[in-house]
Amino acid sequence: MNIYVGNLSWGMSDQDLENLFAEHGTVTSAKIITDRMTNRSRGFGFVEMSDGGENAIQALNDAEVDGRKLVVNESRPRD
């Protein structure tokens with residue numbers, strides 16, 4: 001399952017994101033999207049989970065992490 005995670009704090013790393021979701025299931029990848037020019041976080045990322053995805057979405061959507069409310073839902077393919 002591919003999961004979109006929005007409203008991330010600027011200081012969060014890929015590893016932090018993986019650790020956050022690992023509490024809810026098996027994470028196969030976690031990637032924060034960065035700006036190509038500045039290499040700074042764009043404030044969102046994607047987590048791929050082999051199991052526990054539904055639980056992670058339920059538990060983490062609207063949860064506060066580093067003072068920001070996360071937006072977590074199932075990733076939809078681009079049109």
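## Terms and model

A residue is called buried under 20% relative accessible area, exposed over 50%, and partly exposed in between, with a 1.4 Å probe and protein chains only. The model is predicted, so local features need pLDDT of at least 70 and side-chain atom pairs count only at pLDDT 80 or more, while totals for chains, interfaces and linings use all residues. Residues are numbered from 1 along each chain as its sequence is written, and side-chain values use heavy atoms, with hydrogens and water left out.

## Sheet

The strands and helices named below are DSSP runs, numbered from the N terminus: E over at least two residues for strands, H or I over at least four residues for helices. Two strands count as paired if DSSP finds at least two bridges between them. Four strands make up an open, antiparallel sheet, ordered β2-β3-β1-β6. The edges are β2 (26–34) and β6 (71–74); each has a single partner strand, so one side of each lacks a neighbour in the sheet. From one strand to the next, the twist averages 20°.

Strand β1 (residues 2–6) and strand β3 (residues 41–51) run antiparallel and are joined by five bridges. Ile3 is placed opposite Val47 in β3.

## Helices on the sheet

Contact here means heavy atoms within 4.5 Å. Axes are lines fitted to C-alpha atoms, for helices over the stretch in contact, and angles run from 0 to 180 degrees between N-to-C directions. Helix α1 (residues 14–22) lies across β1, β2, β3 and β6, at about 145° to β2. Helix α2 (residues 53–60) lies across β1, β3 and β6, at about 155° to β6.

## Ser41

Ser41 belongs to strand β3. With a relative accessible area of 10%, Ser41 is buried. Its side chain reaches the backbone nitrogen of Gly43 at 2.9 Å. Apart from neighbours within four places in sequence, the contacts of Ser41 are Trp10, Ile32, Ile33 and Thr34.

## Salt bridge

Side chains of opposite charge can pair when their charged atoms come close. A salt bridge is taken as a side-chain nitrogen of Lys or Arg within 4 Å of a carboxyl oxygen of Asp or Glu. By this rule the count is one. The partners are Asp14 and Lys31, whose closest N and O atoms are 3.6 Å apart. Asp14 lies in helix α1 and Lys31 in strand β2, so the pair ties together parts that are 17 residues apart in sequence.

Asp14 has a relative accessible area of 28% and is therefore partly exposed. Lys31, at 46% relative accessibility, also counts as partly exposed.

Notes. Polar contact = N/O pair within 3.5 Å; in protein donor to acceptor, adjacent residues only side chain to side chain.
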